[in-house]
Amino acid sequence: MLVLTDLTRFNDSDNVCMALLDEDDCTCYRPLPYENLDFVAFRNIRPGIIVSADILPYENASSPHVEDCTFENDVWLDCIEEEDFKDLLERSAVDSIADAFEGIVTPKNRCVPAESPCAHSIRTIRVKPKSVSITVVNSGEDVKLRLAFTDKNGVKFRHTPIADLCFHRMAMEYVMQGRLDELEALLAGGEEVYIRAGLSRLYTSKSGKQGFWMQANGVYIFPGYYSDGC
């Protein structure tokens, strides 16, 4: 069986990118084409949901997005228990961003170069619980949220874009209601925290730098993730 871990939002469309882990060996799969918000709402899709599907790997999948595949005969079931979901994340996790992306991504360099991609585009990272915080960035009429965290190797990352659909929705509600202090208290109260760090599709920044950029595809705080998530 597969367990959905990531619902990744897009800034410019209602598409949703999903990623799932195999319960047995923690292999990651990313079904394509993307679904949309209506599909997610109709199927009540959320992190932790179990999926039975025939997996057809992409023959032309290239690094770092080797997880790309197609699902056939997919059946969406109920969620696994929260403790089992946490165990799955733990079994798939590494202690640092350096471990996840072969030392290429650092606090000063969030981009994996297009000409020298790493082996995977998404990994689970163990994070120091009390290190997680949210920054609100006002950009014209838009309000953007950025995540700060310190991995278990003690390396701090700031201003990480939040692509996690569920966490972003929850955080925006707190921010719009002027309750950022309550959100910070919620984040600080976690006993165990994991982040699914993902690399974007090929992107060229305003400065002309081209590559795959790190973002937070999933943010998970235990205990109580299910009650505070989607």
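Reader: How much space lies in the second largest pocket?

Author: The model is a predicted one, and in it the second largest pocket holds about 230 Å³ of space. Its lining has 16 residues, with Cys26, Thr27, Cys28, Glu67 and His120 closest to the centre.

Reader: What makes a residue count as lining that pocket?

Author: A lining residue must have an atom within 4 Å of a grid point of the pocket. For the second largest pocket, 16 residues line the space. The largest share, three residues, comes from E9.

Reader: What is the volume of the largest pocket, and which residues lie nearest its centre?

Author: The volume of the largest pocket is about 1200 Å³. Its lining has 34 residues, and Asn11, Arg146, Pro161, Tyr203 and Gln215 lie nearest the centre.

Reader: Which elements supply at least two residues each to the lining of the largest pocket?

Author: Strand E1 (2-9), strand E11 (142-150), strand E12 (156-161), helix H4 (165-176) and strand E15 (210-222) do. E11 gives the largest share, five residues. By class, the lining of the largest pocket has 14 nonpolar, 10 polar and 10 charged residues.

Reader: Why does the radius of gyration agree with that of a compact globule?

Author: A compact globule with 230 residues would have a radius of gyration near 17 Å, and the protein has 17 Å, so the two agree. Along its principal axes, the C-alpha trace spans about 45 × 40 × 35 Å.

Reader: What share of the residues is called buried, and by what cut-off?

Author: Buried means under 20% relative accessible area. Of the 230 residues of the protein, 47% count as buried. The protein exposes about 11200 Å², and carbon and sulfur atoms supply 47% of that area.

Reader: How many helices and strands are there, and what share of the contacts joins residues at least 24 apart?

Author: The protein has six helices and 15 strands. A contact requires heavy atoms within 4.5 Å. Among contacts between residues at least 6 apart in sequence, 64% join residues at least 24 apart.

Note on methods. Residues are numbered from 1 along each chain as its sequence is written. This is a predicted model: local features need pLDDT of at least 70, side-chain atom pairs count only at pLDDT 80 or more; totals for chains, interfaces and linings use all residues. Side-chain values use heavy atoms; hydrogens and water are left out. On a 1 Å grid over the protein atoms alone, a cavity is a set of points where a 1.4 Å probe fits but cannot get out, and a pocket is an open set with protein on both sides within 12 Å along at least five of seven lines; lining residues have an atom within 4 Å of a point. Grid points are joined across faces, edges and corners, and a volume is the space filled by probe spheres set on the points. Helices (H or I, at least four residues) and strands (E, at least two) are DSSP runs, numbered from the N terminus. Ala, Val, Leu, Ile, Met, Phe, Trp, Tyr, Cys and Pro count as nonpolar, Asp, Glu, Lys and Arg as charged, and the others, Gly among them, as polar. The radius of gyration is taken over C-alpha atoms; the globule rule is 2.2 Å times the number of residues to the power 0.38. Buried means under 20% relative accessible area, exposed over 50%, partly exposed in between (1.4 Å probe, protein chains only). Accessible areas come from the Shrake-Rupley method with a 1.4 Å probe; for residues, only the protein chains shown count as cover.
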